[in-house]
Amino acid sequence: EKIISVQEQNNLTFEDVILLTREIIEKIDSRIMSSYLPTKDESQKCKERIKEFKEKHYLNKANSTDEKWNVYINNLKQAELIKNYPYITDVYYDGSFNYTNIDEYITNISEDLIRLSEILPDKEIVWILPQILLDKELPHIGEIIVKLKFKNINIKIQTDNIGVAKNLDVEAYGNHLNIYNNYSIKKLSQDPEFKRLQISNEISYDDIKLLKNTDCELEYTIFGHIQLMITKDNFNDIIDEEITNTYHIIDKRNNDYLIKKDCYNNSHIYDYRTLNLEDYLEKLRKTEIDNFTIDCRFFNINDTNSIIDHFQNVKNNEKREKLSLNSSYNPFIGNIEKGVYKNN
């Protein structure tokens, strides 16, 4: 009745009344929301309290002598190089880009892993399972693990699929799980009992200093290609003839993005820059991260040799030249203080 009265007194149309009502509601809603928003002073005080909390709980740790160094590879020729480097303890093998389909992958991957264990009998072998592994492949993966155990090959797996890790009778490591805090570390170490977890490069150094490795080992990548996304788009609409699983996209700034297709024909898109955090190693050693990873996937043999040799000097704090590679190498240091990928 009041709306009708206002409408009649001001000679408003019904549409005018609706618009006026919406405007009033928006203003009321804005005032209600503003009452929940802190002032600049309140925000600053909150940031100071968070900083005080973090500083109180930072882990003051001396440099550890128990650190491990791991390397990721995608072909067996790279493995031949690694046997000459005792400082590498664990070798992660990713064969998902070596086969054109999942059936071919399942048929051949066990022989790859057997050969890898023969090449590197003194190294721990970790089998990186394909990303977005389908449930129907789980029995095949389980059969391969049983086959390897029968041959006395103590294989481990790395996966971003919690369900897979829970249903395979094998020691499991977690990756691409965006580990940010001690709660997630504790929960994932309990169920599905991950023994090692990859810490996200996106979190700040202050947050890394809060993490504890009492529940499981913590791993951090300090070198390698940065995966930006994975998509089911196979780009067949722009590829004239598919003769390889490696492609490149060049943007308007002439930045060259690597694309690799896996055994599911999914496309993995990588940054045009290569992550290199070697200058931050001493800072990272003061955290409870106990595994440092060098990702050599998609590098040729000569470059792999240069990378492994270079990081041996990095590990031992020996004088070293700037890393130089034959392939296109655009080092990306990032912003470890705020999170590697943050601009400021």
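## Basis

Residues are numbered from 1 along each chain as its sequence is written, and side-chain values use heavy atoms, without hydrogens and water. In this predicted model, local features need pLDDT of at least 70 and side-chain atom pairs count only at pLDDT 80 or more, while totals for chains, interfaces and linings use all residues.

## Trp69

Trp69 lies in strand E1 (residues 68-73); strands (E, at least two residues) and helices (H or I, at least four) are DSSP runs numbered from the N terminus. Trp69 counts as buried because its relative accessibility is 0%, where buried means under 20% relative accessible area, exposed over 50% and partly exposed in between (1.4 Å probe, protein chains only).

Leaving aside neighbours within four places in sequence, Trp69 is in contact (heavy atoms within 4.5 Å) with residues including Tyr87, Ile222, Phe292 and Lys315. Glu219 is 150 residues away from Trp69 in sequence, with 9.3 Å between their C-alpha atoms.

## Asn245

Asn245 sits in the loop between strand E7 (217-231) and strand E8 (246-250). Beyond its neighbours within four places in sequence, Asn245 is in contact with Phe97, Ile259, Lys260 and Lys261. The Asn245 side chain also reaches the backbone oxygen of Phe97 at 2.7 Å.

## Leu20

Leu20 belongs to helix H2 (residues 14-36). Leu20 counts as partly exposed because its relative accessibility is 38%.

Conventions: A polar contact is a pair of N or O atoms within 3.5 Å; within protein, one must be able to donate a hydrogen and the other to accept it, and residues adjacent in sequence count only if both atoms are side-chain atoms.
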